[in-house]
Amino acid sequence: MSKPLFEKFADDYASSRPDYPDDIKSFLFNLFDVDSNSCIADIACGSGIFTQLLSCEQNIGCVVGLDCSLPLLVAGTRYFKEFRFKPLCGSGEMLPIKSKCCDLVTVAQGFHWMNRRKSLAEINRILKPGGGIALIWYRRKTLTEPHQAFIEELTHKYNPNYDPKFMDADYVGM
């Protein structure tokens, strides 16, 4: 992401974005055999809402939250009482993580901001053999409400990488 869009509202972003259900963490940890020796990278983590879920209440070897916005990462450290993951500045296109060290890479609500080809190459570089990737986002499938159409319009305006069909694409082939 080239332009700072969320920095001005970093504290509001950290305190107002919706949480994720605990079931997502259980599902991913079971699917990818995450344990106390595992390393997880959550890319485009913003203030760390999903990253915090991944790192709390279970001993994980390492959970890193990466975002290109230092103000968002700092806002997350202020908002979360027990900040259990390591915040790191970085983008999906150039990850400051050594090769073949992650068991799981997640991107919650942020993959549409990234250059897909470069980011997937970087994710592949940092994943251990047999590691997994989880792309997570909320769906705006039907835009019947005026506020949904407005959000879609803003997303198109400020995010040149946005593709509305992206949420329905089959990612198995990636």
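Helices (H or I, at least four residues) and strands (E, at least two) are DSSP runs, numbered from the N terminus. T51 is found in one such run, helix α3 (residues 49-55). This is a predicted model: local features need pLDDT of at least 70, side-chain atom pairs count only at pLDDT 80 or more, and totals for chains, interfaces and linings use all residues. Residues are numbered from 1 along each chain as its sequence is written, and side-chain values use heavy atoms, with hydrogens and water left out.

- Strand β1 covers residues 39-43, and five of its five residues are buried (under 20% relative accessible area; exposed is over 50%, partly exposed in between; 1.4 Å probe, protein chains only).
- C39, A41 and I43 point one way from β1. I40 and D42 point the other way. Both sets are buried.
- β1 runs parallel to strand β2 (residues 62-67), joined to it by five bridges. Two strands pair if DSSP finds at least two bridges between them.
- In that pairing, A41 stands opposite V64 of β2.
- β1 also runs parallel to strand β4 (residues 102-108), here with four bridges.
- On this side, I40 stands opposite L104 of β4.

- T51 counts as buried because its relative accessibility is 0%.
- T51 touches D42, C45, V63, V64, G65 and F85, leaving aside residues up to four places away in sequence. Contact means heavy atoms within 4.5 Å.
- D42 is a β1 residue that is itself buried. V64 is the β2 residue opposite A41.

**I126 in helix α5**

- I126 is found in helix α5 (residues 116-126).
- I126 is buried, since its relative accessible area is 0%.
- The C-alpha atoms of I126 and C102 are separated by 5.8 Å, with the two residues 24 apart along the chain.
- I126 touches A41, L95, I97, K98, S99, K100, C101, C102 and V105, again not counting residues up to four places away in sequence.

- F150, I151, L154 and Y158 make a nonpolar surface patch of about 350 Å².
- Patches are made of residues with over 30% relative accessible area and no salt bridge; like charges are joined within 9 Å, nonpolar side chains (Val, Leu, Ile, Met, Phe, Trp, Tyr) within 5 Å.
- A salt bridge is a side-chain nitrogen of Lys or Arg within 4 Å of a carboxyl oxygen of Asp or Glu.
- Accessible areas come from the Shrake-Rupley method with a 1.4 Å probe; for residues, only the protein chains shown count as cover.
- I151 lies in helix α6 (residues 146-158). I151 counts as partly exposed because its relative accessibility is 37%.
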